[in-house]
Amino acid sequence: MNRYHGRVVAITGGAQGLGLAMATRFAAEGATVALADVNGEALAEAIAHDAKVRKEVVDVTDSARVDAWIAGITDDLGRLDVLVNNAGIIRDNRAEDITDEDWRAVLDVSLTGSFHCARAAFGPMKRQGYGRIVSFSSMSWRGNFGQANYVAAKAGIVGLTRTLALEGARHGITANAIAPGLIETPMLASMNGPAREKLTGKIPMRHTGRPEDIAEAAAFLAAEAAGYITGVVLDVDGGISI
Ligand code: NAD
């Protein structure tokens, strides 16, 4: 399939995990992909850097850097069709033990970072009368023990997405979110063993997901043909949220 031929897709946190799987998928479907990540080393090793893959070290918490990243994409490539707000971090602890630093860090990357990127992308998307924004929530957004900061950020993504959907609708811009369950990435590997096993046992499908499962959902939501779908949160979780 070449349905992304001529499309420009920007992905944050694209150096590994879900971001890398989505980059690989969009590139395979013909897109030019712009990857941003704070981890320059991992970014350098992520999929080949060629005419159809741009890589830049960008910290999404830095709004001026995000503005420059998006402006660079539209200046060089002439358009921006898809923004994938994927960058996110975890700093798990019980609410009473979360430090100010860990609260802010998680909200800054996942929620504020997504806002920075969406704000920067909105202008070019409005001008071209076309845009697809896909942001990353989590199955945790409904509440999860030991993740107050992450849950607040991921529930915030739902509110941000629904509002972007309203504001973008008349301009040809859709905004949707994906709420992954347990997906095999470095982030999941960093979760402690017993907690991971306990959660895996609750998945109706009895197994964790693969990054490609999420790439499938992102490629669907960001497609031109999905233009009448906006403001939704798509659970991709083997049934754990049922
Ligand atoms: P990951 O940790 O494997 O990858 C995240 C990437 O984001 C890394 O490359 C990291 O360097 C980058 N990043 C971190 N801070 C950044 C910043 N300030 N600016 C730019 N890039 C930054 O994580 P993942 O598992 O691939 O998760 C991707 C997204 O999916 C996250 O938003 C995460 O919360 C969400 N999610 C993942 C799972 C899962 O099971 N893996 C479940 C639910 C939600």
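Two residues are taken to be in contact if their C-beta atoms, placed from the backbone, lie within 7 Å. Helices (H or I, at least four residues) and strands (E, at least two) are DSSP runs, numbered from the N terminus. Axes are lines fitted to C-alpha atoms, for helices over the stretch in contact, and angles run from 0 to 180 degrees between N-to-C directions. The model is predicted, so that local features need pLDDT of at least 70 and side-chain atom pairs count only at pLDDT 80 or more, while totals for chains, interfaces and linings use all residues. Residue numbers start from 1 along each chain as its sequence is written.

The description may begin with the sheet. Seven strands form an open sheet in the order S3-S2-S1-S4-S5-S6-S7, with parallel pairing; two strands pair if DSSP finds at least two bridges between them. At the edges are strand S3 (53-57) and strand S7 (233-236), each of which pairs on one side only. From one strand to the next, the twist averages 15 degrees. Strand S6 (residues 173-180) and S7 run parallel and are joined by four bridges, and Ala179 has Asp235 in S7 as its bridge partner.

Helices lie across this sheet. H4 spans S1, S4, strand S5 (131-136) and S6, and runs at about 175 degrees to S4. H1 lies across strand S1 (8-12), S2, S3 and strand S4 (82-85), at about 170 degrees to S1.

H4 also packs against helix H3 (residues 63-77), at an angle of about 35 degrees and with the axes 9 Å apart. In this contact Ser63, Val66, Asp67, Ile70 and Thr74 of H3 meet His116, Cys117, Ala120, Ala121 and Pro124 of H4. By class, the contact has six nonpolar, three polar and one charged residues; Ala, Val, Leu, Ile, Met, Phe, Trp, Tyr, Cys and Pro count as nonpolar, Asp, Glu, Lys and Arg as charged, and the others, Gly among them, as polar.

The ligand has 32 residues around it, of which Gly13, Gly17, Gly88, Thr185 and Met187 come nearest; a residue is near a molecule if its C-beta atom, placed from the backbone, lies within 6 Å of it. Helix H1 (17-28), strand S2 (32-37), helix H4 (100-128) and helix H6 (186-189) each supply at least two residues of this shell. The shell divides into 17 nonpolar, 13 polar and two charged residues.
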